[in-house]
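Hello,

Here is the structure for your files.

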Amino acid sequence: MLDKIFGFLSVFLLSSFCLASNSNAKINWWKIGSEYADTPAFGWYIITFIIFVALVISAIKKPLLLYLQTRSNDIRQQIEEAKLAKKEANERLAQYEQRLLNLDNEIAKMQADFKRQGEKEKEDIKKLAKKIASQITKDAGNSILAEFNHAKDELKSQTAKIVIQEAQEKIKMRINEQ
């Protein structure tokens, strides 16, 4: 960068010298004073300009180099991060493409798992239904037996009452006959 500035400066000076040498007027290179107000000292202008440029360059050289170095490092780091992100994205893309290719197999596997779970639940439900049916049958049998025993006891009780009533009537009739 400094080479470009010095190259530009030398081209500027050379072109200024060439333009000045082609004109008919005399160039005041070094003389200073009020009599030279129309033609200022061109050499001193060049020297002061060179000193000014040198001071500006020396003042901004370290911060500019530091800035350019950190910027270069930041860009390099961002490029590395982008490469890493691209690599990870490509890996994920490959995984997703593989999953898409295996999607039919995964669906078939999931269907088989669901069928197997359904069959197991169906068998469990059948076992539970048989158990419940057996319990209901047992409870119904017990209930019928209890009702039968209750009816039998009731029938015995009623039969006994009827027999007692008839016996009482017969006894009354015999007493009345006697």
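First, the ground rules. This is a predicted model, in which local features need pLDDT of at least 70 and side-chain atom pairs count only at pLDDT 80 or more, while totals for chains, interfaces and linings use all residues. Numbering starts from 1 along each chain as its sequence is written, and side-chain values use heavy atoms, with hydrogens and water left out.

Overall fold. The protein chain has three helices and zero strands. Its pattern along the sequence is α-α-α. Helices (H or I, at least four residues) and strands (E, at least two) are DSSP runs, numbered from the N terminus. H2 covers residues 42-101. H3 covers residues 103-177.

Burial and surface. Of the 178 residues, 6% are buried. Buried means under 20% relative accessible area, exposed means over 50%, and partly exposed is in between (1.4 Å probe, protein chains only). The accessible surface comes to about 16,200 Å², and carbon and sulfur atoms hold 62% of that. Areas come from the Shrake-Rupley method with a 1.4 Å probe; for residues, only the protein chains shown count as cover.

Contacts. Take the contacts with a separation of 6 or more: 31% of them join residues 24 or more positions apart. Contact means heavy atoms within 4.5 Å.

Nonpolar patch. Trp30, Ile32, Trp44, Ile47, Ile51 and Leu55 make a nonpolar surface patch of about 640 Å². Patch residues have over 30% relative accessible area and no salt bridge; like charges are joined within 9 Å, nonpolar side chains (Val, Leu, Ile, Met, Phe, Trp, Tyr) within 5 Å. Trp44 sits in helix H2. Trp44 counts as partly exposed because its relative accessibility is 40%. Beyond its neighbours within four places in sequence, Trp44 contacts Trp29, Trp30 and Ile32. Trp44 and Ile32 are 12 residues apart in sequence, and their C-alpha atoms are 9.1 Å apart.

Negative patch. Glu119, Glu121, Glu123 and Asp124 form a negative surface patch. Lys and Arg count as positive, Asp and Glu as negative; His and the chain ends are not counted. A charge is placed at NZ of Lys, CZ of Arg, CG of Asp or CD of Glu. Asp124 is in helix H3. Asp124 is partly exposed, at 40% relative accessibility.

Salt bridge. How many does the structure hold? One. A salt bridge is a side-chain nitrogen of Lys or Arg within 4 Å of a carboxyl oxygen of Asp or Glu. Arg116 and Asp113 are the partners, at 2.2 Å, N to O. Both lie in helix H3, three residues apart, about one turn of the helix. Arg116 is exposed, at 53% relative accessibility. Asp113 is partly exposed, at 26%.

Best wishes
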